[in-house]
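Thanks for making the time this morning.

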Amino acid sequence: AVFTPETYREKENEYELPDAAIHICDYIMGQLRSWKETVIVPNELLCSIRQYSTSVCLLYGRNAGGFISDIGEEEAAVYAQMSSEMPDVAFVTRVAGEKNCRFIVFNTDFHRIPEDLPGYGYELAAVIDDVYAVYRRAE
């Protein structure tokens, strides 16, 4: 059989993108300070976030895997941490601050992180679809 539960999934919306990606983008677009925000998101959302909104820019995208072009060392290190079940939140939040990323999104089903990150300068701002924790830089 060509279509099985592993190879086929009903589209969730007219964009044919994961609902979570749309909800995360809509939340961040409601918080814009200028025409765009640079964010760090879980790797499974890299392509769909970019497809939905040009206002939600990514610290890195598919290029993290060597697609099209390479990325900087710090971006590659953040990608590696976001690929880890236990990311080094001190490192991720430090680079996020240096690169002016006001938002970091973690997948709480995969990432094992502290419940809140105020010690690192980020606070829990929203939980999307009961899975994605959106942290905003505390100001």
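**Salt bridges and burial**

Let me begin with R102, which has a relative accessibility of 6% and therefore counts as buried, where buried means under 20% relative accessible area, exposed over 50%, and partly exposed in between, with a 1.4 Å probe and protein chains only. Please keep in mind that this is a predicted model, in which local features need pLDDT of at least 70 and side-chain atom pairs count only at pLDDT 80 or more, while totals for chains, interfaces and linings use all residues. Residues are numbered from 1 along each chain as its sequence is written, and side-chain values use heavy atoms, with hydrogens and water left out.

Which residue does R102 meet at 2.4 Å, N to O? The partner is E37, and the contact is a salt bridge, that is, a side-chain nitrogen of Lys or Arg within 4 Å of a carboxyl oxygen of Asp or Glu. This pair links distant parts of the chain, with R102 in strand β3 (residues 101–107) and E37 in strand β1 (residues 37–40), 65 residues apart; strands here are DSSP runs of E, at least two residues, numbered from the N terminus. E37 is buried as well, at 5% relative accessible area.

R102 also forms a salt bridge with E139, with the closest N and O atoms 3.5 Å apart, and E139 lies in the segment after β5 (132–137), 37 residues away. E139, however, is exposed, at 61%.

Turning to the whole structure, a search finds nine salt bridges, and E74, E75, R94, E98 and K99 are linked in a network of them.

Terms used: Helices (H or I, at least four residues) and strands (E, at least two) are DSSP runs, numbered from the N terminus.
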